Amino acid sequence: MADRGSAIAKQWGLRTVPGELVRRYVAEGWWSNATLGAMVADGLARMARLDFRVWSRVRPFAGTFADIHRAARSLAGALQRRGVGPGDVVVIQLPNWAEAGIAFWAAAYLGAVVVPIVHFYGAKEVGHILQVTEPDVVVTAERFGHTDHLAVYSELLVDRPGVPWLVVGDTPADRLPSGAAPLVSLLDHAPVEGPADADPDAPALIGFTSGTTRNPKGVVHSHRTIGFESRQLSDRITPGGPQQITGAPVGHFIGMLNAFLMPLLRERPVNLVDEWNPTEVLRLIRDEGLGLGGGATYFLTSLLDHPDFGPDHLAKMPFVGLGGSPVPVAVTERATRLGIAIPRAYGSTEHPSITGGSLDDPEDKRLVTDGRPLLGVEIQLQPDGEIWSRGPDCCIGYTDPELTAIAFDDEGWYHTGDAGVLDADGYLAITDRLSDVIIRGGENISAQEVEELMLGMDAVAEVCVVAEPDERLGERAAAVVRVRPGRGAPTVEDVRRHLEAAGLARQKWPESVHAVDDFPRTASGKVQKFRLRQQLRDGSL
């Protein structure tokens, strides 16, 4: 297969970073010519002796980086023999298992475009991603949790008979669907010697995230942007403390960074859990000496609220960085009272590290703001409060050129859709989102996607899905419905049955339903969702 990097960049209408910014980023050393594959090869070689562990009921693993590295190079060798190389697309939908690291690092070695997919995405989301990316290789679990990946991909790949489909699981090869092969069967191949050459400005990774559009958005990062972001986050890791647990899915952008890139830049073992079970996580903290380093608000609150939480756990959590979803002040104050220092951060898949706090910041700044702009990052606030940002870790666009044209301007500014305020000391506080996104425990939910599916319910005349505060998750989806005359309002159970039948991931299902006679509207008839959010916050809906 030929290098498709330039072709797909042109096909997707990716943006050109202004020359002035490119020169600055290179001169400052923020951008280099190192590819993702080079970073992976160097890091894995240096960190060979470190532990790589997976804590799982169904697929545990205890080994070292050297074990994963050896398997990744063998898988890369097998795929290279099949013609996979720079610019080709490798889709990976796996839970937090060792094979996810093997597949990710193998793809990086080949200079391929890595497309991680969160393990709970169903047929609707996965079908869209496959259509957009046209993968050259697909790697999946056979099944996990509620999802039968063999059944899903058997249908979705029927029109792609030549695409290698590698499956992780215990099903014998002769019982797998047509076109599928066990991933383990490729791990005894002669390994590649080193990383393939690739254009550092070409796409290296596509993170799909739900947003204001009906389908997940494909956010494209180059070797340069993902390399800088990995270094940016690695430099912000507070030294000391226990080994950290990674509970965020590796199919999600921040989980992937935490598990497979940041550990390569400093001595940091990997400890993955494939399902976030607070009881089991608290056991790991107590018995294995692990700790929680950070993540979305839910990861912290689910532990603090658990009846097993006690002094032994608290001792392993001296500091926890929060970001990726709204951070209620009540949570930061509660943690502080317990002796847990909380720095906050703000970013997105498009621009991962915009602002961040540190343990050295005054307590009042750490508790109520999201910190100051990070290295190389510039921000400006528009008259309506919208935050614009740009920096060396900002993505190079979307797989949808229309979205790229909307979100980026000619000077390189990313229009975040979030609103905020800056205080006199330069600390940013997020006040609202202009974009219609709900962030539930670090996972983005597209309101439009859920609304369109709910409109297929007979009783629903009109629906708005908005964020409702949640003490554990930060926020969750609430459905506000106007029902047809003479019909009863659907219950939460009715909505969930409908969305499950439509194939929507259960994490996106509304967790409350509110019936109204009509919505607050503008003069032109547009629903004022900010008023609905406020009514939910103050309990007046």
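**Reading cores, a sheet and a helix face**

Modeller: This model is predicted. Its largest nonpolar core has 59 residues. Those with the most contacts inside the core are Phe 52, Phe 65, Leu 75, Phe 104, Trp 105, Phe 260 and Leu 261.

Biologist: Which helix gives the largest share of this core?

Modeller: In general, nonpolar side chains tend to be buried together in soluble globular proteins. Here the largest share comes from helix α5 (residues 98–109), with 10 residues. Take Phe 104: beyond four places away in sequence, Phe 104 touches Leu 36, Ile 92, Val 114, Leu 205, Met 256, Phe 260 and Leu 261. There is also a second, separate core of 29 residues, which includes Val 118, Trp 165, Leu 176 and Val 220.

Biologist: What is the strand order in the open sheet of three strands?

Modeller: The order is β2-β1-β10, and the pairing is mixed. β2 (61–64) and β10 (270–273) each have a single partner strand, so one side of each lacks a neighbour in the sheet. From one strand to the next, the twist averages 10 degrees. β1 (residues 51–55) pairs with β2 over four bridges in the antiparallel sense. Arg 53 has Ala 62 in β2 as its bridge partner.

Biologist: Which helix lies across β1, β2 and β10?

Modeller: Helix α4 (residues 65–81), which runs at about 90 degrees to β2.

Biologist: Now α18. Which residues of this helix are buried?

Modeller: Within residues 529–538, Lys 529, Leu 532, Arg 533 and Leu 536 are buried. Down the helix axis they fall within an arc of 100 degrees, so they line one face of α18. They pack against β20, α16, β23, β24 and β25. Just after α18, Gly 539 has a positive phi of about 75 degrees.

Terms used: Residues numbered from 1 in each chain as written. Predicted model: local features only at pLDDT ≥ 70, side-chain atom pairs only at ≥ 80, totals over all residues. Heavy atoms only, no water. Buried < 20%, exposed > 50% of the residue type's maximum accessible area, 1.4 Å probe, protein only. Helix = DSSP H or I, 4+ residues; strand = E, 2+ residues; numbered from the N terminus. Arc of directions from axis to C-beta. Contact = heavy atoms within 4.5 Å. Core = buried A, V, L, I, M, F, W, Y, C linked by side-chain atoms within 4.5 Å. Pairing = 2+ DSSP bridges. Axes fitted to C-alpha atoms, helices over the stretch in contact; angles between N-to-C directions.
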